[in-house]
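Hi,

Here is the structure I promised to pass on. Have a look at it first, and then read on for what turned up when I went through it.

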Amino acid sequence: MIDEDREWARRTAAGLPPLASRSVSVLALARRPRPPARGEDTGAGWCPGLALIVIFPAAGSGGTLGAAMPAMGKDVMEPGFAASEIDTSRPHPARMYDAYLGGRDNYPVDREAVREILRLYPETRQVALANRAFLQRAVRFLAAEAGIRQFLDIGTGIPSAGNVHEVAGQVAPDARVVYVDNDPIVHVHASALLTGTASTGIVLADLRDPGAILAHPGLRAMIDLSRPVALLLLAILHFVTEEEDPAQIVATLLDALPAGSYLALSHATADFHPPGAAAQATAVYKNATAPFVPRPFKQVAAFLDGLELVEPGLVQAPLWRPDGKRPRPRDLEKIGIYAGLGRKAPGR
Ligand SMILES: C[S@@+](CC[C@H](N)C(=O)[O-])C[C@H]1O[C@@H](n2cnc3c(N)ncnc32)[C@H](O)[C@@H]1O
């Protein structure tokens, strides 16, 4: 079992930042109609409804009731969902990722799945950390070198160290960030921890309905789609099946953005494992709320088709413009995640 307190102590001893807030010991959830099932048309993504804040035990082992959420932005007062709709019977990718990163916003069912994945692939925690580090380097590049001031981060995850608005804000305090995720828990945590400023917003919506994301008033209020946007699809497309047409989803989003916009992408792969090894991981995720679909290099690269690749192109995440020393080959073994950045040129 993942001992959260031990993990927190380990992180502290190692000088690592806490990766998820312990302060959110209560989830404040606003009433919302049932979240869309996979494949269900989400319409406009968010239905207006009556806000109802309820107190809910924390996901972490403490499970204590605490004070109501400290920094509820307006979003959490907008349409929400019932506490009973937090599904603790199946692993959620966001909560599993939180567990990989040493956070404590996860439930026994998530930790059980993570234990199984770590038993099969002990390197998974390194993969998650490598992805998170790529996110930070990519956002820094986009803000500092590409001059991007608008970020659309779809598949935000439970807030962790070095969130997009924090990294972008260090370079460009005027940067605007809209976070999008389809997991109610992410929405609650993000509302508490990420928003509260005029330049950061959170939208509960599904990547598989890109039209709803683009039309969402929460996005439109923050992002000017006539000016360059960095679209972040980090560790999310591997939760979209071929039948759900991820290429078309990416194309729809990119079509809505002007030239000079960027796509930052990271995507799990089984290319660094023996043939057949991925089957066990996909089996674990079969019980989760989203399937796991690692893809080979060629299929991941296709998502960046038509974009000008930023050097060094699509590579294993630690190899994308590493800070400091270039990783050694042995640091890259089994690090099954590709990462890359592409720029939309005029006429694409
Ligand atoms: C592995 S986490 C990645 C978090 C963050 N992007 C990062 O790279 O550190 C994947 C996130 O994508 C979200 N997600 C998965 N499928 C989604 C979908 N169809 N629409 C919106 N969000 C989704 C999950 O809820 C989770 O928060």
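Let me start with a strand. In β3, the side chains of Thr200, Ile202 and Leu204 point one way, while Gly201 and Val203 point the other way, and all of them are buried. The strand covers residues 200-204, and five of its five residues are buried, so to speak a mostly covered strand. Please keep in mind as you read that this is a predicted model.

As for its partner, β3 pairs with strand β2 (residues 176-181) in the parallel sense, over five bridges. If you want a spot to look at on screen, Asp181 stands opposite Leu204 in β3.

**The wider picture**

The protein has 348 residues, and 47% of them count as buried. Its secondary structure comes to 13 helices and eight strands. Among contacts between residues at least 6 apart in sequence, 76% join residues at least 24 apart.

β4 is another mostly covered strand, with five of its five residues buried. Here Ala230, Leu232 and Leu234 point one way, and Leu231 and Leu233 point the other way.

Which strands does β4 run parallel to? One is strand β1 (residues 150-154), joined to β4 by three bridges. Another is β5, which is joined to β4 by five bridges and also runs parallel with it. Two pairs are handy for finding your way around: Leu152 stands opposite Leu231 in β4, and Leu233 stands opposite Leu265 in β5.

**Helix α10**

Next comes helix α10, residues 246-255, where Pro246, Ile249, Val250, Leu253 and Leu254 are buried. Why do these residues line one face of the helix? Seen down the axis of α10, they fall within an arc of 125°, so they share one face.

The buried residues of α10 pack against α8 (210-215), β4 (230-234) and β5 (262-268). That brings us back to β4 and β5, the parallel pair described above.

**Helices α4 and α11**

Two packed helices are described by the angle between their axes and the distance between the axes. For helix α4 (residues 108-120) and helix α11 (residues 278-285), the angle is about 175° and the axes are 10 Å apart. The two helices are therefore roughly antiparallel to each other. On the α4 side, the contact is made by Ala113, Glu116, Ile117 and Leu120, and on the α11 side by Gln280, Ala281 and Val284. By class, that makes five nonpolar, one polar and one charged residues.

Within α11, Ala278, Ala281 and Val284 are buried. Viewed down the axis of α11, these buried residues fall within an arc of 120°, so they line one face of the helix. They pack against α4, whereas Ala279 and Ala283, on the other side of α11, are exposed.

**A few single residues**

- The peptide bond from Glu311 to Pro312 is cis, with omega near 10°. Pro312 is in the loop between β6 (308-309) and β7 (315-316).
- Asp245 has a phi near 60°, a positive value in a residue other than glycine. Asp245 lies in the loop between β4 and α10, and counts as partly exposed because it has 13 C-beta neighbours inside 10 Å.
- Lys334 also has a positive phi, near 65°, and it too is a residue other than glycine. Lys334 sits in the loop between α13 (329-332) and β8 (337-343), and is partly exposed, with 16 other C-beta atoms within 10 Å.
- Gly169 is in helix α6 (residues 164-171). With 18 C-beta neighbours inside 10 Å, Gly169 counts as partly exposed, since the cut-off for buried is 20 or more. The C-alpha atoms of Gly169 and Arg149 are separated by 9.4 Å, and the two residues are 20 apart along the chain.

Best wishes

How values were computed: Residues numbered from 1 in each chain as written. Predicted model: local features only at pLDDT ≥ 70, side-chain atom pairs only at ≥ 80, totals over all residues. Helix = DSSP H or I, 4+ residues; strand = E, 2+ residues; numbered from the N terminus. Buried ≥ 20, exposed ≤ 12 C-beta atoms within 10 Å, placed from the backbone. Arc of directions from axis to C-beta. Contact = placed C-beta atoms within 7 Å. Axes fitted to C-alpha atoms, helices over the stretch in contact; angles between N-to-C directions. Parallel < 35°, antiparallel > 145°, perpendicular 65-115°, else oblique. Nonpolar A, V, L, I, M, F, W, Y, C, P; charged D, E, K, R; others polar. Pairing = 2+ DSSP bridges.
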